[in-house]
Amino acid sequence: MKVLFVCLGNICRSPAAEGVFRGMSDVETDSAGTSDWHAGEPPYRPMQVAAKGRGYDISDLRSRLFTSADFGRFDLIIGMDASNIANMERLRPAGNETPIRLFTDYAPERGVDEVPDPYYTRDFDGVLDLIEDCARGLKAAI
Ligand code: 4NP
């Protein structure tokens, strides 16, 4: 089983999701962004600090661009919001059926339909709370 977490910049939400989930599962994980704006960069510093505060060291992760080849490399692809999913669907190869899900689908009790982007909201701890709930639900589902 291989799971890919995807957001826009791959420096805030998806590396945090990867960092939280890889600590609780044997599943192989990776993350990517639908933009290459931060390709090669480590996670955004305030997100690294907030994650480290909860015991998740994500300093080893590096941003990379999501590509159509990722559809063939992963069993499950998880987007942080609807625009991430729309951006990925545009790149889906003909005939490919790899499932793409919203991360928040795994925490229905939260009643939200996206992981808000802390790059804009600045609420790094609030988003980590949500990511931890979604990661627990994902672990239970796979
Ligand atoms: P992410 O957040 O998609 O959670 O990594 C963002 C980080 C940077 C930018 C946008 C979103 N940016 O515009 O540079």
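A crossing of two helices is called left-handed if the near helix is turned anticlockwise from the far one by less than a right angle, and right-handed if clockwise. Helices are DSSP runs of H or I with at least four residues, numbered from the N terminus. The model is predicted, so local features need pLDDT of at least 70 and side-chain atom pairs count only at pLDDT 80 or more, while totals for chains, interfaces and linings use all residues. Residues are numbered from 1 along each chain as its sequence is written, and side-chain values use heavy atoms, with hydrogens and water left out.

**Helix packing**

- The axes (lines fitted to C-alpha atoms over the stretch in contact, with angles from 0 to 180 degrees between N-to-C directions) of helix H1 (residues 13–22) and helix H5 (residues 124–141) come within 9 Å and cross at roughly 50°.
- This angle makes H1 oblique to H5, a term for what is left once angles under 35 degrees (roughly parallel), over 145 (roughly antiparallel) and 65 to 115 (roughly perpendicular) are set aside.
- The crossing of H1 and H5 is right-handed.
- Helix H2 (residues 45–52) packs with H5 at about 55°, their axes lying 10 Å apart, and H2 and H5 are therefore oblique to each other.
- H2 also passes H5 in a right-handed crossing.

**Ligand contacts**

- Polar contacts here are pairs of N or O atoms within 3.5 Å; within protein, one must be able to donate a hydrogen and the other to accept it, and residues adjacent in sequence count only if both atoms are side-chain atoms.
- A polar side-chain atom of Asp117 lies 2.9 Å from an oxygen atom of the ligand.

Notes. Helices (H or I, at least four residues) and strands (E, at least two) are DSSP runs, numbered from the N terminus.
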